Amino acid sequence: MRLPNSHRLAASMDYRGEELEFRSHSGLRIAAKRWGYADGFPLLALHAWYDNCAAWDPAVAVFEARHPSIRFDMVAMDFAGHGQSDHRGLTSAYSRLFDIEDALAVVNALGWKEFAILGHSMGGFIAVYLAGLYPERIKHVVAIETVIPLLHPPDTYTEAILEAFKERGEYASRVASQAQTAAPTNKRVFASLDEAAQVRTKGMYPLALEPSRILVGRGTKPVIAADGSGKTVGYEWSSDSRVRMIGRQVMLSTEFTMNVIGRIQCPVLNIMADHDMHQTFTPLPIQKAFRGHLYLQRVKGSTNHHMHMEEPFAAVVADMMADFWARVADGSLPPSQVTPVSKL
């Protein structure tokens, strides 16, 4: 594996997790953190579903330790309904199309005409969509543990839309019912942040305790007693529970997605753990749709969906990213190969 000149030490980062705030086109507050160097390449970092932008904190630390010559200006945003960002209104679905639009609002506010993207899981396929929809602006993409967007065959559209309407109706009823009670929240209340972190370790994708604490630190908020005392009685998730309603009112067809992939003009590195997932980029029709812009890497021995947050695999992922970025920068990226797994 080719690595950049690690002996050329970089100066201390100019940005060390400073909090930023943006406004989406619809007026939502989009929270973000900034890491890196004022003269670094612009890098938009997009987290996974039900995570938040703190998911990139460990990766930044690994990069600073292992690859100080890699200079990026990273802005990591919380998607709407996640972390510290606003929730979408009841009249708005959590559609990936709206997430794409919010990401555009962030980079436009930063004045970035061209930029790179780093995405994990959901954030990765939003990155792929951005690269296809705006090929003139995206320089390169790293997508970690990312599969192609979840698609709905045409013969399932009707049932999916009906289920979406049912979900939204049931949620509205719960909100109305809660408004008539004195309960401070309709979410689970944790006695401590550590209790919430313990629960997070057993999520859809299991996670070690320390990275769970990192996500929980940004992904919770205090629950204040309803008696007016101002006392904190526990903590609840700050994310919008409607995020679990997968926005089926706005569905994307296979034809649309393949067309978007075919528009991509920049190199895309897809890093996957050593396990099987549905709808990956490995099928030959998907690879061919990228027209030579897709590079596939697999982290042997890891079955962790959040491997960029946990050692020892966080270092392996960082090395793969550093190698890719260095090759893109100096023009030494080899031709992409249409194979089940192509290596750099």
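Predicted model: local features only at pLDDT ≥ 70, side-chain atom pairs only at ≥ 80, totals over all residues.
Helix axes are taken here as lines fitted to C-alpha atoms over the stretch in contact, with angles running from 0 to 180 degrees between N-to-C directions.

The chain contains 9 helices and 10 strands. Of its 344 residues, 51% are buried. The accessible surface is about 15,400 Å². Carbon and sulfur atoms contribute 55% of that surface. Among contacts with a separation of 6 or more, 75% join residues 24 or more positions apart.

The pair α3 and α7 was considered first. Helix α3 spans residues 122-133, and helix α7 spans residues 254-262. Their axes come within 7 Å. The crossing angle is roughly 65 degrees. Angles of 65 to 115 degrees count as roughly perpendicular, and α3 and α7 are therefore roughly perpendicular to each other. The crossing is left-handed. From α3, the contact draws on Val128, Tyr129, Gly132 and Leu133. From α7, Phe256, Thr257, Val260 and Ile261 take part. By residue class, this contact holds 6 nonpolar and 2 polar residues, with no charged ones. An α-helix has 3.6 residues a turn, so residues three or four places apart point the same way.

The second pair involves α1 and α9. Helix α1 covers residues 57-66, and helix α9 covers residues 313-330. Their axes come within 10 Å and cross at roughly 65 degrees. This angle makes α1 roughly perpendicular to α9. Here the crossing is right-handed. Helix α1 supplies Val62, Phe63 and Arg66 to the contact. Helix α9 supplies Ala314, Ala315, Ala318, Asp319, Met321, Ala322 and Trp325. The residues of this contact comprise 8 nonpolar and 2 charged, with no polar ones.

Note on methods:
Residues numbered from 1 in each chain as written. Heavy atoms only, no water. Helix = DSSP H or I, 4+ residues; strand = E, 2+ residues; numbered from the N terminus. Buried < 20%, exposed > 50% of the residue type's maximum accessible area, 1.4 Å probe, protein only. Contact = heavy atoms within 4.5 Å. Areas by Shrake-Rupley, 256 points an atom, 1.4 Å probe, with all protein chains shown as cover. Parallel < 35°, antiparallel > 145°, perpendicular 65-115°, else oblique. Left-handed = near helix turned anticlockwise from the far one by under 90°. Nonpolar A, V, L, I, M, F, W, Y, C, P; charged D, E, K, R; others polar.
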